[in-house]
Amino acid sequence: LAGLIVSESEYSEQALSEILPLRTVFNAVFFVSVGMLLDLRFVIANPLLVPGVALAVVVLKFVITTGAILVLGYPVRIAAATGLALAQIGEFSFVLERAGRAAGITPAGLGDAGAQTFIAVTVLLMIATPFQVQAAPRFGTLVARTPLRKLGDGPGPDAVKAPEEGDTHAGGAHGGGAHATEDHVVVVGYGPAGQRLVRVLQDVGIPFVVIELNPESTARLRKEGIPVIYGDASRAFILEHAGIARAKLGVILINDPTAVPRILQQMRYLNPTLQLIARTRFLRSVEPLQKAGADIVVPEEMETTVRVFSHVLGAYLVPPAEIERYVRDLRQEDYRILRGSIQEAHLMVLQGLDEEGLHTRAVALRDGAPAAGQTLAALDLRRRHELTVIAVRRGVRTLANPAGDFTVESGDRLVLIGSAERFAAAADLFRAPMPSAS
């Protein structure tokens with residue numbers, strides 16, 4: 001009951017992120033316990049019994065599950081894929097088996113032999129489950145090409161989408177489920193700087209989502225219709241809920257100096273193509289945060305909010321004149337004491353916030369990334385990942401339209417054009433090993 005209540009609250013994402021480590025522990029205990037119950041001598045003595053019963057279980061559960069989903073009006077492709085993915089013995093079966101044993105009831109009435117068959121079949125199907133889930137979309141598509149496709153011709157529920165191989169889940173609604181936004185800004189923290197940044201993003205029309213750990217701020221944002229997730233941004237689950245794999249920018253504006261490096265490392269690992277901007281109070285923190293993964297660190301001892309705004313708008317290729325106008329408005333409001341030059345515009349200057357501006361990213365190559373040390377021809381980003389290399393920045397030099405024999409190295413920054421989906425698919429090329437915990 002407590003779980004049901006929490007799942008419907010606005011704090012469900014943070015609660016789940018706290019529970020996930022426990023789930024991993026309990027899963028490990030469960031699988032180890034099941035393995036300890038297995039008698040390998042029984043399996044060896046009955047080489048045909050265990051696979052035969054396992055096949056019967058798969059067929060029986062597939063027929064029941066698929067039939068139930070077809071009755072609900074779903075297409076046969078979805079029904080068949082779901083039926084195969086769920087065709088194994090579930091954990092609750094162990095509860096029933098243990099309860100039955102206490103009452104003198106055993107599987108098929110075979111006593112210890114029935115119990116060992118049940119355990120052996122369960123272990124075998126546990127091993128097979130990942131392969132069943134992986135094959136389920138292709139299997140559903142195959143079934144849909146046979147005469148059985150007529151079984152799913154009913155009207156079915158509205159907005160049903162068949163699972164496709166390679167789909168990445170990011171759907172949901174504002175303020176609750178995972179966000180379907182792409183090429184967006186993940187704003188961590190909704191203090192004064194975060195509030196002003198959100199206002200600018202709204203005015204310009206740049207998509208964004210806020211991650212905030214203050215319940216009052218979260219409630220206010222939800223009332224205002226601003227997409228927000230309550231949770232700790234250093235947790236991978238919270239970042240994944242914010243669509244980090246499809247995001248273009250991450251802006252960290254919290255005041256916790258111990259949490260910022262953890263957030264940077266987590267963001268950098270989950271999306272190595274992400275451009276990260278962090279705020280810090282002191283100049284001495286700039287280098288450590290850069291080592292943690294930040295592309296740009298803005299210390300408060302210089303100009304803070306104004307420069308963050310400039311970097312964000314510049315990354316989306318907003319014309320410099322438009323950036324200056326926003327900066328001027330901010331300074332007239334309450335930044336009169338701030339002075340300093342605005343960060344130079346993006347490497348590729350385009351006109352306006354158009355599709356090309358949204359889909360252009362400057363991706364840093366870090367030590368240990370698989371792409372480092374390879375030629376552009378070997379990477380073949382255009383054909384394999386539908387990503388186009390516009391330029392490569394090395395130190396103070398910028399090489400436009402580099403040739404295929406150009407070797408990219410650690411420290412280079414590649415300016416690429418592609419969709420958020422393609423950047424997410426190619427992320428492993430740019431992902432450096434996760435730093436070990438100190």
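Biologist: On what basis were the features selected?

Modeller: As this is a predicted model, local features need pLDDT of at least 70 and side-chain atom pairs count only at pLDDT 80 or more, whereas totals for chains, interfaces and linings use all residues. Residues are numbered from 1 along each chain as its sequence is written, and side-chain values use heavy atoms, with hydrogens and water left out.

Biologist: Why is the pair of Phe 30 and Phe 31 called edge-to-face?

Modeller: Rings of Phe, Tyr and Trp (its six-membered ring) pair if their centres lie within 6.5 Å; planes under 30 degrees apart count as stacked, over 60 as edge-to-face and the rest as tilted. The centres of Phe 30 and Phe 31 are 5.4 Å apart and the planes stand at 70 degrees, so the pair is edge-to-face.

Biologist: What makes Phe 62 and Phe 139 an aromatic pair, and which parts does the pair tie together?

Modeller: Their rings are 5.7 Å apart centre to centre, with 75 degrees between the planes, which is again edge-to-face. Phe 62 lies in helix 4 (residues 49-71) and Phe 139 in helix 7 (residues 112-144), so the pair ties together parts 77 residues apart in sequence.

Biologist: Is Phe 62 buried, partly exposed or exposed?

Modeller: Buried means under 20% relative accessible area, exposed over 50%, and partly exposed in between (1.4 Å probe, protein chains only). Phe 62 has 22%, so it is partly exposed. Phe 139, at 29%, is also partly exposed.

Biologist: How do you know that the charged end of Arg 361 sits over the ring of Phe 423?

Modeller: The criterion requires NZ of Lys or CZ of Arg within 6 Å of the ring centre and within 35 degrees of the ring normal. Arg 361 sits over the ring of Phe 423, 4.4 Å from its centre. Arg 431 lies over the face of Tyr 269, at 5.1 Å from the ring centre.

Note on methods. Helices (H or I, at least four residues) and strands (E, at least two) are DSSP runs, numbered from the N terminus.
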